[in-house]
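Please look over the sequence and the fold shown below before reading on. The paragraphs that follow take up a few places one after another.

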Amino acid sequence: MSRALTRRADLADLAGYHSLQVDAEVKLNANESPLPPPAEWQERLADAVAGLDVRRYPDREATELRQRLAALHGVDPSWVFCANGSNEVLQSLLLAFGGPGRSILVFEPTYTLHAHIARLTLTEVVRAGRGPDFRVDVGEAARVIDRHQPAITAMCSPNNPTGRAEQPETVARVAERAPGLVVVDEAYGQFAPWSALELLPGKAGSATGTPAIPGTRAPLGSGLVVVRTFSKTWAMAGLRLGYLVADPEVVAGCEAVALPYHLSAVTQVAGLLALEYHREMMVRVAGIAEERGRLEAALAGLPVDWWPSDANFILFRPRERTAQAVWRGLLTRGVLIRDCSRWPGVQGCLRMTIGSRQENDRFVDALKGCL
C-alpha cells in the first residue's frame, strides 16, 4: 500500500538551518569558543556524570540550575527558563506567544533562525531594515511597530552576522513602544559593553525605581525578554544549554510548551559546574575581545571593507575579488569561515570567528594570499 508522504504545504520548500561542516585545519565559521572549558571543569563533569542515576528522568524544572542563574543575574528563579540552547528558547517563545494571527518583527540583516522558527510556528514575519551602521533605527522601528503591532519584536544584540550591539537607549525605546514581547537575543552578549539584563525590573539599577536609561520610565514593562546561551562564552556548544530571563508569566508560557524532561541531567550538571568558573570565563572573553581588536587592525590594512564588532566575529567584504573566490581560497589554505555573500543585506560579505592567536594569524596570512 502506497502512502502520500507529503509535508505541510507551507513548508514544502523549507530547508533546515545548518552551518556548513567540512574538514578544515582552522574552523572559524560557527562563532564557537577558540578554547575548551577549563580542564578542571571537564574532570569534575566526568565525575558528576559517572554519579548520575540515568535510569531516572532529569529534573524537569531544572530547579538548581535556574536558582544559580537567577543568583548570577540578580533576579528571582521564577524569572529564568532553561532549554536546549538558545534556539529552543526562541522556539518556546514563538510557540507560546506567536502562532496564527500573530507576527514577529525582525530587523534585517539579522540571525535568520528568528524568521525560520517563526515560519515553523505559523507566525507571520514582518521585516524592517537597519541603518547604514547595521543598528536599529528607532524611528523606523516605531513606524513598523505602530503599523503591524507585532506580538514579538526580536532584537539581536550584538547582531549576527553584523556584530554591533544595540545602544541601550534603542532597546529601551523599542521596549516602551512595542505592544508585545521584545526579545533581545544576547547569544554574544558577554562580548558587548552592556546588556539588556540591566533594563529588567528587579535588576540592580532598576530595582530602586530609578530609570536605567535617562528619559525612559522605570522599570520597563514585563514584555522584555533577554535570551542567552552557554555555547559561546562558556565553550559548551556541544552540550546545548540556553536560557532566558523574563517576567514569570513569560517563563510560564515557555514551560507550558516545552517537551517533558527536555533538558538532560548531563546538560544541567554541566551548566551548574560551568557557573563555578564564571571569573575564568570572563577572562577568556577579555582575551577574545583583545584578539578582535588585533584582527580589526589587520583588516584595516587589507583591501576589504569591514564593520566594527561587539561580538566574537567580524563581518567583512573583499573589494577586488568575489566573496566566493576568497572563501574557496581560504578553504584551500585550510581555513574555514562563513560565507554570507548571498544573505539579504550583507551581499558579498564573509564572516570570521575570532579564534586563538595562532588561528587568527593563520587566517590573516591566508586572507592576504587570497586577496
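Arg-357 is partly exposed, with a relative accessible area of 45%, where buried means under 20% relative accessible area, exposed over 50% and partly exposed in between, computed with a 1.4 Å probe on protein chains only. The model is a predicted one, in which local features need pLDDT of at least 70 and side-chain atom pairs count only at pLDDT 80 or more, while totals for chains, interfaces and linings use all residues. Residues are numbered from 1 along each chain as its sequence is written, and side-chain values use heavy atoms, with hydrogens and water left out.

The side chain of Arg-357 meets that of Glu-291 in a salt bridge of 3.1 Å from N to O, a salt bridge being a side-chain nitrogen of Lys or Arg within 4 Å of a carboxyl oxygen of Asp or Glu. Because Glu-291 lies in helix α9 (residues 278-300) and Arg-357 in helix α11 (residues 357-370), the pair ties together parts that are 66 residues apart in sequence; helices here are DSSP runs of H or I with at least four residues, and strands are runs of E with at least two, numbered from the N terminus. Glu-291, for its part, is buried, at a relative accessible area of 9%. Both residues belong to a network of salt bridges that links Glu-291, Arg-294, Arg-357 and Asp-361.

Over the whole structure, a search finds 19 salt bridges. One of them joins Arg-143 to Glu-140, with the closest N and O atoms 2.9 Å apart, and these two residues lie 3 residues apart in helix α5 (residues 138-148), about one turn of the helix. Arg-143 counts as partly exposed at 46% relative accessibility, and Glu-140 is likewise partly exposed, at 24%.

Strand β6 (residues 181-185) pairs with β7 in the parallel sense over 4 bridges, and two strands count as paired if DSSP finds at least two bridges between them. Val-184 stands opposite Val-226 in that pairing. With strand β8 (residues 242-245), β7 runs antiparallel, joined by 4 bridges, and there Arg-228 stands opposite Tyr-243.

A further place to look is the contact between two helices. Helix α1 (residues 39-50) and helix α8 (residues 265-274) pack at an angle of about 145 degrees, their axes being 10 Å apart; axes are lines fitted to C-alpha atoms, for helices over the stretch in contact, and angles run from 0 to 180 degrees between N-to-C directions. Trp-41, Arg-44, Leu-45, Ala-48 and Val-49 in α1 meet Val-266, Val-269, Ala-270, Leu-273 and Ala-274 in α8, contact meaning heavy atoms within 4.5 Å. The residues of this contact divide into 9 nonpolar, no polar and 1 charged, where Ala, Val, Leu, Ile, Met, Phe, Trp, Tyr, Cys and Pro count as nonpolar, Asp, Glu, Lys and Arg as charged, and the others, Gly among them, as polar.
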